[in-house]
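Please look over the sequence and the structure below before reading on.

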Amino acid sequence: MPLMSSERHLMMCVDSGDAESLFECTVDECGRRLVLDHVGTRIVVIDPGSSSALHHGSTGLVDLSATTL
């Protein structure tokens with residue numbers, strides 16, 4: 001089983017509309033980007049960024065978090 005990193009990266013909402021919100025990682029060398037689909041209630045990862053970091057963030061009542069398996 002891989003060891004879980006204690007590294008945490010903050011995701012910030014950089015663009016938002018009625019149907020979707022774009023989130024980007026605030027760590028420059030990471031590059032993780034994802035779209036939160038408000039209508040389909042799903043997350044689409046555009047660029048995975050660092051797979052060893054725990055990414056988290058929020059906008060209002062929406063909280064994004066993930067764990068490494």
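This is a predicted model: local features need pLDDT of at least 70, side-chain atom pairs count only at pLDDT 80 or more; totals for chains, interfaces and linings use all residues.

Residues are numbered from 1 along each chain as its sequence is written, and side-chain values use heavy atoms, with hydrogens and water left out.

**Core**
- The largest nonpolar core consists of six residues, M11, F23, C25, C30, L34 and L36; such a core is a set of buried Ala, Val, Leu, Ile, Met, Phe, Trp, Tyr and Cys residues joined through side-chain atoms within 4.5 Å.
- At least two residues of this core come from each of β2 (20-25) and β3 (33-37), strands being DSSP runs of E with at least two residues, numbered from the N terminus.

**Strands**
- β3 is largely enclosed by the rest of the structure, because four of its five residues are buried, where buried means under 20% relative accessible area, exposed over 50% and partly exposed in between (1.4 Å probe, protein chains only).
- β2 and β3 pair in the antiparallel sense over five bridges, pairing requiring that DSSP finds at least two bridges between two strands, and E20 stands opposite D37 in β3.
- β3 also runs antiparallel to β4 (residues 42-47), to which five bridges join it, and D37 has R42 in β4 as its bridge partner.
- Four residues lie between the strands in the hairpin of β3 and β4, where T41 takes a positive phi near 45°.

**Residue M12**
- M12, which is in strand β1 (residues 8-16), is partly exposed, with a relative accessible area of 40%.
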